Amino acid sequence: MKRTIFFCLLLATSAAWSATQTFVREYTYEAGEADSKLSSRAMALEQVKRALLEELGTYLESYTEVKNSQLTMDQITAMTAGVVQTQIMEEKWNGREYWLKAKVEADPDKVAADLENMKQNQSKIKELEEIKRKAEEALAENQRLKKELESAKSDQAKEKIQQTYTANASRLSAIESFERGAFLTAVEGYQGAVEAYGKGLALDPGFAPGFYNRGYAYNMLGRHQQAIADYDRSLALDPADHQSYFNRALSHHLLGNYRPAVDDYGKAISLNPGDPSAFYNRAMSRLELGDRPQAAADMRTAARMGYGPAQQWLSDN
């Protein structure tokens, strides 16, 4: 039994040669009381990266191959964050300000081909848009916290603000790795995705989607036990994530652990009862356990929901 877990499989697209475009931007970040050298760098890099990606997105929006793709500007910007990488050219820190000069280089034909490849994977586009939103939220919250810290009276209040500020800065440092992992997964570069997600999680171990998506990449590499470990950590951070239960169930099934698979499919169903594939997959695990009556009941439920494989199974049996 095969089941697409979260990402669709995509065909590689060849790109014609074209001149590489280079975009360069500078940004100076003024540090506040909550900032360290590392947090100042993270804030400066996120700002300069956003400016570069918006400039690249504007260029690509008028580029013929992208113009005909029916992607919005926000989608183009979010998707290119995973396709291209920001390169730091120079940086300086004087204890009060962090100055960065950075660039992105992009072959328009190749980027257009990558975007076209990813366009057919709506879940991946949504993931990149969500990562972009998380970065914007962290940036905005830290700008607010800088002002809040100035008026905080107690040491306890200051410490709480500082902890949140530092966590947000770590998330900003990790964002680029998560974006890269998302892109590599979409184009089936699973080993690279595992490494990219690992770098991001080392900086931001509280980001549940990072564990979920690395678990997916592990599954696609056939490393199901490592996938289960990542789904465990994803669920520890987000117990209501039905997709992690579903994918952990699939990993258990592929390892021959059918009873835990049935249990996890049950949890996925309780959180998302409208997914017929969860009923079908639970039926398959129940069949392996010899529980044909319960398996047939699950097949009937999936069939009533219009799920073709379940309808076919009932027709054959």
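Visitor: Why is Glu 188 called partly exposed?

Guide: Glu 188 has a relative accessible area of 34%. Buried means under 20%, exposed over 50%, and partly exposed in between (1.4 Å probe, protein chains only), so with 34% Glu 188 counts as partly exposed. Before we go on: this is a predicted model, in which local features need pLDDT of at least 70 and side-chain atom pairs count only at pLDDT 80 or more, while totals for chains, interfaces and linings use all residues. Residues are numbered from 1 along each chain as its sequence is written, and side-chain values use heavy atoms, with hydrogens and water left out.

Visitor: Where is Glu 188 found, and what is its phi near?

Guide: Glu 188 is in the loop between α6 and α7. Its phi is near 70°, a positive value in a residue other than glycine. Most residues other than glycine have a negative phi.

Visitor: What counts as a helix or a strand, and how many of each are in the chain?

Guide: Both are DSSP runs numbered from the N terminus: helices are H or I with at least four residues, strands are E with at least two. The chain holds 14 helices and three strands. Buried residues make up 48% of its 317 residues.

Visitor: What makes Phe 178 and Tyr 197 an aromatic pair, and why is the pair called tilted?

Guide: Rings of Phe, Tyr and Trp (its six-membered ring) pair if their centres lie within 6.5 Å; planes under 30 degrees apart count as stacked, over 60 as edge-to-face and the rest as tilted. By this rule there are eight aromatic pairs. In the pair of Phe 178 and Tyr 197, the centres are 6.4 Å apart and the planes make 35°, hence tilted. This pair links distant parts of the chain, with Phe 178 in helix α6 (residues 155-186) and Tyr 197 in helix α7 (residues 190-203), 19 residues apart. Phe 178 is buried at 1% relative accessibility, and Tyr 197 is buried with a relative accessible area of 1%. Together with Phe 207, Phe 178 and Tyr 197 form one aromatic cluster.

Visitor: Why is the pair of Tyr 190 and Tyr 216 edge-to-face?

Guide: The ring centres of Tyr 190 and Tyr 216 are 6.1 Å apart and their planes are at 70°, so the pair is edge-to-face. Tyr 190 is in helix α7 and Tyr 216 in helix α8 (residues 208-220), 26 residues apart. Both Tyr 190 and Tyr 216 are buried.

Visitor: How do you know that α3 and α4 are roughly perpendicular?

Guide: The axes of helix α3 (residues 73-83) and helix α4 (residues 108-119) come within 10 Å and cross at roughly 110°. Axes are lines fitted to C-alpha atoms, for helices over the stretch in contact, and angles run from 0 to 180 degrees between N-to-C directions. Angles under 35 degrees count as roughly parallel, over 145 as roughly antiparallel, 65 to 115 as roughly perpendicular and the rest as oblique. The helices α3 and α4 are therefore roughly perpendicular to each other.

Visitor: What makes Thr 86 buried, and which residues is it in contact with?

Guide: Thr 86 has a relative accessible area of 14%, so it counts as buried. Its place is in the loop between α3 and β2 (87-93). Contact means heavy atoms within 4.5 Å. Leaving aside neighbours within four places in sequence, Thr 86 is in contact with residues including Leu 45, Lys 49, Val 104 and Glu 176.
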